[in-house]
Amino acid sequence: MQTTSPVLEAINLTKTYDYHVTALDNLNLSVGRGEIYSLLGGNGAGKTTTMNLFLNFIEPSSGKAIVNGVVTHEEPIKAKQYVAFVSENVQLYGQFTAVQNLDFFTRIGGNTHYTQRDYEQVLLRVGLQKEAHHRKLSGFSKGMRQKCGIAIAILKNTPAILLDEPTSGLDPKAGNEFSRLLAELRDEGKAILMSTHDIFRAKEISDTVGIMNQGKLVMQKSAEELKGENLESLYLHFMAGYMEETA
Amino acid sequence: MLSTLIQKEIRALLLSPKFSLTLVACSVLILLSIYTGINEYKASMRLYETASQIESTNFQEARNLMSAQAMVHRQPNPIQIFSTGIHFDVGRLANIARWYDPNFTRSIYSETPVFALFRMLDLSFIFQVILTLFAVLFTYDAISGEKESGTLKLTFTNSVSRAQYLIAKMIGSSIGLLAPLLIPILIGLIMIQLFGIHLTTEDWLSILLFLGSGFVLILVFMIIGLSISAWTSKSSTSFLVLLAIWISTVMIIPRAGVIAADSMVNIPSDSELASQKSTFAAEKNSTFSKELSAIYAKRNEPTQGMSREEARAYRDEKEWEWMEEDDKLRKEKDAEISEYNTKLMSEISNKRNEKARLAFTLARISPVASFQLIAMKLSQTDLDLKTRYLESATRYKTEFTGYLEQKQKETGDPGGIRIEMNADGFKFDMSRSTGIDFSDRPRFQHPEVSLKAIIPQLLGDFSLLGITGLLFFGLSFIGFLRYDMR
């Protein structure tokens, strides 16, 4: 539930590529402190475009993406100070150990005060076993790399966290651990925007759920509003309904 | 931030197989090239010293003008250990004689053609071919490789500016490649000292400048690699483009420049030149012979009606006067031939210079050619090496023939072979005087070019290397500003 002014905010955010392909159409959403916002949608719905706009990897055609009050395409370097990102498939330096990767990415994230002990503690917190801390990443599974990615996001200690399909490809146990971590981060006051295909997990941990289709936010409901509703049916309904409407 | 990025680059390189491969390959190649260079230099020095000693002994043993033969031996330069240039192509020695222009013959390659087959492995070659290739291998995936592995995106979710990232890539890669070079180079320099090769302060400065220009060349290729990597999204594409650039700049452009210049400026070949010279000389000699025959006939006119003894006494009385007359005429003829040859050679030299300038200008499109020209200038094994020695040898010829003439006057020795024919047969007289001391003969002055005179000649090529580096760094910056990080 949004309790304070939004940390992440999209205002009429639109991205149109050449040949008038609209990847994102007039998106409006906000995520406040201590809130998890899940974006559901099929492939090409505009979820990743939204993430890329918040990270200023692409510039909006119109509208704004705001992180902690900073418009990302106006002050991208400043905006990135307030946001951490975990991708669907976390890729780190394979020739470095988990701790070395954490050290590099937290340093370039502006945090130079951490010690090796801090890194090890965070890695334990995200569920990476101790014996893996000083092993090279090249031998890590996808789940282990995801844990390192989340550790980096935690250590960056930003008010906002963006997660792009973070549970994709994780086994149920790892998925549950991930949900637990997200809940902890919310409790710490982080504003979390997560894109996902996982309807079950979205309903379980989200404060707000949005459904996107063909670049538009076609539904947005709070956890309160979703109580007693079947999110899967809603998802199918909105996807199908929108498709009928556009057909 | 910058230091963190640089540290990461260095650490990543240190842990990569590229670094180990480079360290091993560079150590072996650099040490081998310096060791070969030292041996070659020492062999050249031994040859030079032995030849000089033999010449000195010959002069000590010479007792008449006929046996006084001067030779000029080219002195090796210790910097050729690093850059042999055309040292092995140019002749080692030239005979100094009144009758013909000095010409340096007996080059190492002409005497041992097997060396010419694969050329010498000097440090200059390693910089041009091997290290430029390593520079490309170090940087071809600097940006595109990080994009492919996904680390670029994660890096740029942080407050990292593209300029910082690019500079860190450049500095990190440079340190990663240059550090493995320093160790074998330092060992090589120590080897030079241990092998007892004397280096002057100028030599040391030349070596430093040579190494500096080599490092600049590597940096230029690293920047080119970085630039192409910043314009491509796949490292395989980047590698192919860079391979094409490397082949063009290292293999094709320098040679194409020379070939193009050769077809643009027409210069008679050495045999055509020799033919022109000998035709002119033959004409002059023929005219001279006819003149002499007429003179001899005229000189013999008074002896008509004399007895053999009277005629001989008459000729003996006139001999010196006639010899001086003959000598004067011969000198006039030789001077004409020499003047013609000088004029011809001057024209050819101008054309050669024009061709060389054109070839260098075209070849300098490639930074490798600029480096090669710098290296050759510093080691004084550049194209002017032969010209410098020829000019010095020509000056020496004038000095030495002047000296012989002086000796001739002092001793009254005609300096030629006297052949006398009478009823008793032929009588050969090599010389009339013996015991001439040649210790006061003029000595050949080796053409030495001071570093002070060389440095201004290097500025153009250093500037070209710098401009190429800056140009590609600018391109890499433009490419990276537009780079899609996703």
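Two strands are said to pair if DSSP finds at least two bridges between them, and the views below apply this idea to a predicted model.

**View 1. Two strands of chain A run side by side.** Strand β3 (residues 35-41) of chain A pairs in the parallel sense with strand β8 (residues 191-196) of chain A, and the pairing extends over 6 bridges. Within this pair, Leu39(A) stands opposite Ser195(A), a residue of β8(A). Strands of a sheet pair through backbone hydrogen bonds, either parallel or antiparallel.

**View 2. An open sheet in chain A.** The order of the 6 strands in this open sheet of chain A is β6-β7-β8-β3-β9-β10, and their pairing is mixed. At the edges lie β6 (83-86) and β10 (216-222) of chain A, each of which pairs on one side only. On average, neighbouring strands of the sheet are turned by 15° against each other, direction ignored.

**View 3. Helices packed on the sheet.** Helix α1 (residues 47-54) of chain A packs on the sheet and touches β3, β7 (160-164), β8 and β9 (208-213) of chain A, its direction making about 145° with that of β8(A). Helix α6 (residues 172-187) of chain A also packs on the sheet, where it touches β3, β7 and β8 of chain A, and its direction makes about 150° with that of β8(A).

**View 4. Nonpolar cores.** The largest nonpolar core has 138 residues, of which Leu193(A), Phe127(B), Ile143(B), Ile218(B) and Phe480(B) touch the most other members. Helix α9 (residues 201-231) of chain B gives the most to this core, with 14 residues. Apart from this core lies another, of 22 residues, including Leu65(B) and Phe438(B).

Notes:
Residues numbered from 1 in each chain as written. Chains lettered and ligands numbered in written order. Predicted model: local features only at pLDDT ≥ 70, side-chain atom pairs only at ≥ 80, totals over all residues. Heavy atoms only, no water. Helix = DSSP H or I, 4+ residues; strand = E, 2+ residues; numbered from the N terminus. Axes fitted to C-alpha atoms, helices over the stretch in contact; angles between N-to-C directions. Contact = heavy atoms within 4.5 Å. Core = buried A, V, L, I, M, F, W, Y, C linked by side-chain atoms within 4.5 Å. Buried < 20%, exposed > 50% of the residue type's maximum accessible area, 1.4 Å probe, protein only.
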